[in-house]
Structure formats: C-alpha cells, structure tokens
Amino acid sequence: MKTASAAEFNEMPRPTLAIAGAGRVGSALALLLAGRGWTIRGVWNRSPDPAGRLAQQVGAAAWTDPARLAEAQLVLLTVPDGAIAACCQAVAQAGGWRSGQGVVHCSGAVEVSALAPAQVAGAVIGGFHPLQAFATVEAALTVLPGSFFALEGAGPLTRWLPALAQSLNGTWQWLAPGARPLYHAGAVFASNYVVTLFSIGVRLLAEAGLTPAQASSALLSLTEGAVHNLAAVGLPGALTGPIRRGDADTVIRHLDALDATAPDLSSLYRALARQTLPLAQSLNLDPQALDAVTHAVRTEIPTR
C-alpha cells in the first residue's frame, strides 16, 4: 500500500472527528489530536458525565444521543473490547452511522468485522490501534506520541488513519484481516506479561529476604537495563544471563530452589527457558553448553 510523505499528510484535508467512549484511550486520543489541530465535533459516552468533561477539554459538543455521531466524518470507537460489537449495534439502531463515514475501533485484538452494523449503514470500517499501555490518561498523554499504530481499512481510511498516526509522531503498519488476535498476543507477551514476570521476581526476592519495596526498586533498575539493551543492540544481542552463557549449573540451582520454595513456578521457568534457547543458539553458544542447558530445562528434577 502506497504511503504518503509527512508533508503530503500535512496538506491533506482532515476529516472531522467524533469520540465514542470517553475512557483512557478515547480521552488521550481526543486531547492529543485536538492539540494538534484536529476538529472534534463531539464526544459520546453511555454515561454523560465523562463525555461532558472531555468535550469541554477539547472544545467539542457533548452528545447524549448516539445519532449525533453521524455528524462526524470519522468516528473513533474507543470502548472496551467486549463492548465494541454491542456499542456499534446500538449506534446503528439510533441512526448514528451513515454512508461515506469512517468508523474505526481502537482495539488490538477484536476483528474489524465487529463493526459490521456500521458497514451495513454504508460506513467504511477499520481499526486504529495504538500499541501502547494506558495505565492512566495522564500517562497515556506522555507515552502515546511516537507509538506504533496498527491500521486496517479501505477507501478514505487509507488516507485518514496514517494522517492520525503521523499527527501523533507515530509509525504504522497495515494489518491483514484476521491478523489482529496474533498481533495482539505478541503485544501481551511483550507488555502485560512483563508486569506479571516482574511481580514474580518481586515475590522471589522477598522470599530471599528483601522487602517488597527493595525488590521492586532493584528489579525496576534491572528491567530498565534490559529494555535499554533491547533498544541499543536489539535481538538476540540483548540477551544476558545464565542461558546466554551456557551456564547449566546455575539453571539447575534455580530449579532446585524453585522446586523447594515456589514449586508453582518451576514449570513456568522451564517453559521460558526453552523459549530462550533459540536466542542463545543464534549467538553461537558452545553446542556442548547449549546441550547441557537444554537437558536441564527439559528434564523435571525428581522430588527429593
């Protein structure tokens, strides 16, 4: 798909926007886009108070009737994943979709086909997913600019969606229909499960005698170092640790300790280690050392 230059995007006529869903994602997008010159005609939310607050912040109307969404050329549907299909259907029943309008959701996992009621009404449907973690609106305002955006759509969306990403200093890629669940699973591994693994690290350091606060502080510095290495040298060079060194003895000591103290984590450790082995192998690890580590993580240690 041909991509316009930054200058061409800046010269394109911008569609008027509406935000359907005044939560963290919708609020952050509205505030950032309004600050970059996009016209937001209105904000609609099932509960009117959040819509009113956000509308006031971005100089838009606060709509209580979803039919008013038809007044915008491009609607960003920023409701939770589980509500997308039902919300789209409710707006369709209210007459909020129309021919020639663009309607996109901002989910990474839900297929664009969830917007079928808008398509039936003549709208062009698509997806605009910021690959970013939104803990709060305030945090999102900081991290969203410069993010990656997964796009899906046709017709005018091929111009409008890259222009949105460009305004947010982002990079983007078009996803093929059906690719969203796998794409989003990859994002969950690299973001959500990092938090899970961090919490496991805090638990184990606490078992070793640190306070939770000490453990969190120590591991945060370590995690930041790993992210820095990824940014500096990428994969697979950012890998460090016993598997990178081919240190099977240390891996066995880890498993002994886990089996004794946290047996519920032994299988997870082995599974993650097995996924780490191909990275180590690509770094030209000594084959004999690699075999020793492979044996250690594939063989359950007998209960003593």
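Student: Where is Asn45 found?
Tutor: Asn45 is in the loop between S2 and H3, where helices (H or I, at least four residues) and strands (E, at least two) are DSSP runs numbered from the N terminus. This is a predicted model, in which local features need pLDDT of at least 70 and side-chain atom pairs count only at pLDDT 80 or more, while totals for chains, interfaces and linings use all residues. Residues are numbered from 1 along each chain as its sequence is written, and side-chain values use heavy atoms, with hydrogens and water left out.
Student: Is Asn45 buried or exposed?
Tutor: Asn45 is buried, with a relative accessible area of 17%; buried means under 20%, exposed over 50% and partly exposed in between, using a 1.4 Å probe and protein chains only.
Student: What does the side chain of Asn45 reach at 2.8 Å?
Tutor: The side chain of Asn45 reaches the backbone nitrogen of Ala22 at that distance, 2.8 Å, and the backbone oxygen of Ser47 at 2.9 Å. Leaving aside neighbours within four places in sequence, Asn45 is also in contact (heavy atoms within 4.5 Å) with Gly21, Ala22, Pro50, Ala51 and Trp63.
Student: Switching to the sheet, what is the order of the strands?
Tutor: The open sheet has 8 strands in the order S3-S2-S1-S4-S5-S6-S7-S8, with mixed pairing; two strands pair if DSSP finds at least two bridges between them.
Student: And which strands stand at the edges?
Tutor: Strand S3 (61-63) and strand S8 (171-174) do, each with a single partner strand, so one side of each is left without a neighbour in the sheet.
Student: In which sense do S6 and S7 pair?
Tutor: Strand S6 (residues 124-131) and strand S7 (residues 148-152) pair in the antiparallel sense over 5 bridges, and Leu131 stands opposite Phe148 in S7.
Student: Now the helices: at what angle do H12 and H14 pack?
Tutor: Helix H12 (residues 248-261) and helix H14 (residues 287-298) pack at about 10°, with axes 9 Å apart; axes are lines fitted to C-alpha atoms, for helices over the stretch in contact, and angles run from 0 to 180 degrees between N-to-C directions. That makes H12 roughly parallel to H14, a term for angles under 35 degrees.
Student: Which residues make the contact?
Tutor: H12 contributes Ala248, Val251, Ile252 and Leu255, and H14 contributes Ala292, Val293, Ala296 and Val297.

Terms used. Angles under 35 degrees count as roughly parallel, over 145 as roughly antiparallel, 65 to 115 as roughly perpendicular and the rest as oblique. A polar contact is a pair of N or O atoms within 3.5 Å; within protein, one must be able to donate a hydrogen and the other to accept it, and residues adjacent in sequence count only if both atoms are side-chain atoms.
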